[in-house]
Amino acid sequence: MPRELRVERLELGVSGWELRVGSWGRWVSMGALGFLVSACGGGTRAETGEPPASGRYDIGRTATPAEVAALDIDIGPSGVELPAGRGTVGEGAKVYGAKCANCHGVRGEGMLPPYPKLVGREPREGFPFGRDPKAEKTIGNYWPHATTLFDYVRRAMPFLTPGSLTNDEVYAVTAWLLAQNEVIGADVTLDADALRAVKMPAHGRFVVDDRKGGAEVR
Ligand code: HEC
C-alpha cells in the first residue's frame with residue numbers, strides 16, 4: 001500500500017517527525033497516520049533525508065559583512081591587527097577590580113581551579129614548564145607575546161560575558177596585568193604601537209615546531 005510505504009520511509013528517515021509517527025503509530029489509526037503523513041507533506045527531500053540535486057540544503061544564509069567583521073577579531077603575535085584605542089595602568093586597575101578580580105583574585109593571584117593565576121614572575125631563571133607540569137604558568141613567566149594577551153582578553157574574558165569590554169578597557173586591563181607582572185612600568189599608557197613594542201620575559205622560549213612525521217618529542 002502506498003501509504004504504508006510512505007510511513008515506512010518516514011520511519012527510516014532522519015529524525016523528529018518519523019519518531020513521532022512511529023510512536024503515535026501504535027495507537028492512531030492508519031487513517032490518522034495517512035493524515036499525518038500528508039500534513040507533513042510526505043516525500044519532500046527534507047523529510048526523506050535525500051540530498052537535493054543541487055548539492056545544497058537550502059538552510060541558512062550567507063553571513064553579512066558586519067557579522068563576519070564582528071567575529072574577525074583575531075590578533076596575531078605581530079599585533080598588526082590591533083585596533084585603535086588606549087588605556088592606562090590606573091584605568092586598568094579599575095576594570096580589573098570590577099570585572100576580573102572576583103575570579104582571578106584581587107592581585108591576580110588566582111583562586112582554586114579553574115580560576116588561573118595571572119600575575120607572577122617566578123621562577124625568574126630557567127623555564128621548567130616542559131619538565132614540571134605543576135609549575136604554575138602566568139602572564140609574567142610564560143606568555144611569549146603581549147599582543148595575544150589583548151586578543152585573549154578581548155575574545156574570552158570576562159568568562160561569563162566575553163566581548164563586553166570596549167577596546168579602551170582591554171588596553172587598560174592589559175596594561176594593568178603587564179604592570180603587575182613587572183613587564184611595563186606603572187605610568188605606561190598602552191595603545192597599539194606601545195603594545196607591539198612590549199617584549200615579554202618568556203619571549204624566545206618557544207620555537208616553531210616544524211618537524212615532520214616521527215614520534216612526538218617533548
Ligand atoms: C567568571 C569568572 C571569570 C572572570 C570574571 C574573568 N575570568 Fe579570566 N578566566 C576564567 C577562567 C575559568 C579561565 C580559564 C579558562 C580556560 O582555561 O579555558 C580564565 C582565564 C584567563 C586568562 C588566561 C590565563 C592563562 O594564562 O591561561 C586571562 C589572561 C584572563 N582570564 C584574564 C581575565 C581578565 C582580564 C578578566 C576581566 C576583564 C577576567 N579574566 C575575568 C574566569 C574568569
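**A friendly note on this predicted model**

1. Next, the overall layout. The protein chain has ten helices and two strands. Along the sequence, these elements follow the pattern α-α-α-α-α-β-α-α-α-α-β-α. The chain holds 218 residues, and buried residues make up 24% of them. Taking contacts between residues at least 6 apart in sequence, 59% join residues at least 24 apart.

2. How far can you trust the details? The protein chain averages a pLDDT of 82, and 78% of the residues score at least 70. Please take care with residues 1–42, where pLDDT stays under 50. For that stretch the model has 34 contacts beyond four places in sequence. Where pLDDT is low, the predicted coordinates should not be read in detail.

3. Now look for the largest nonpolar core, which has 29 residues. The residues with the most contacts inside this core are L149, F150, V173, A175, W176, L177 and L178. Helix 6 (89–99), helix 8, helix 9 and helix 10 each supply at least two residues of the core. The largest share, nine residues, comes from helix 9. As background, nonpolar side chains in soluble globular proteins tend to be buried together.

4. Is helix 9 largely enclosed by the rest of the structure, or largely open? Twelve of its 14 residues are buried, so helix 9 is largely enclosed by the rest of the structure. The buried residues are E169, V170, Y171, A172, V173, T174, A175, W176, L177, L178, A179 and Q180. Their cover includes strand 1 (87–88), helix 6, helix 8, strand 2 (189–190) and helix 10.

5. The length of helix 9 can be checked too. At 1.5 Å a residue, its 14 residues should span 20 Å, and the end C-alpha atoms are 20 Å apart, which agrees.

6. Leaving out residues up to four places away in sequence, W176 touches V89, G92, A93 and Y96. W176 is buried, and it is also among the residues with the most contacts inside the largest nonpolar core.

7. Two peptide bonds are worth checking in the viewer. As a reminder, most residues other than glycine have a negative phi, and most peptide bonds are trans. A cis peptide bond joins M157 and P158, with omega about -5 degrees. P114 has its place in the loop between helix 7 and helix 8.

8. Helix 9 is followed by E182, which has a positive phi of about 60 degrees although it is not a glycine. E182 lies in the loop between helix 9 and strand 2. With 14 C-beta neighbours inside 10 Å, E182 counts as partly exposed.

9. What about V183: buried or exposed? With 20 C-beta neighbours inside 10 Å, V183 counts as buried. V183 lies in the loop between helix 9 and strand 2. Leaving aside neighbours within four places in sequence, V183 is in contact with G140, L178, V198, M200 and P201. For V183 and V198, the separation is 15 residues in sequence and 7.8 Å in space, C-alpha to C-alpha.

Note on methods: Residues numbered from 1 in each chain as written. Predicted model: local features only at pLDDT ≥ 70, side-chain atom pairs only at ≥ 80, totals over all residues. pLDDT = per-residue confidence, 0-100. Contact = placed C-beta atoms within 7 Å. Core = buried A, V, L, I, M, F, W, Y, C linked by C-beta atoms within 7 Å. Helix = DSSP H or I, 4+ residues; strand = E, 2+ residues; numbered from the N terminus. Expected span 1.5 Å × (residues − 1).
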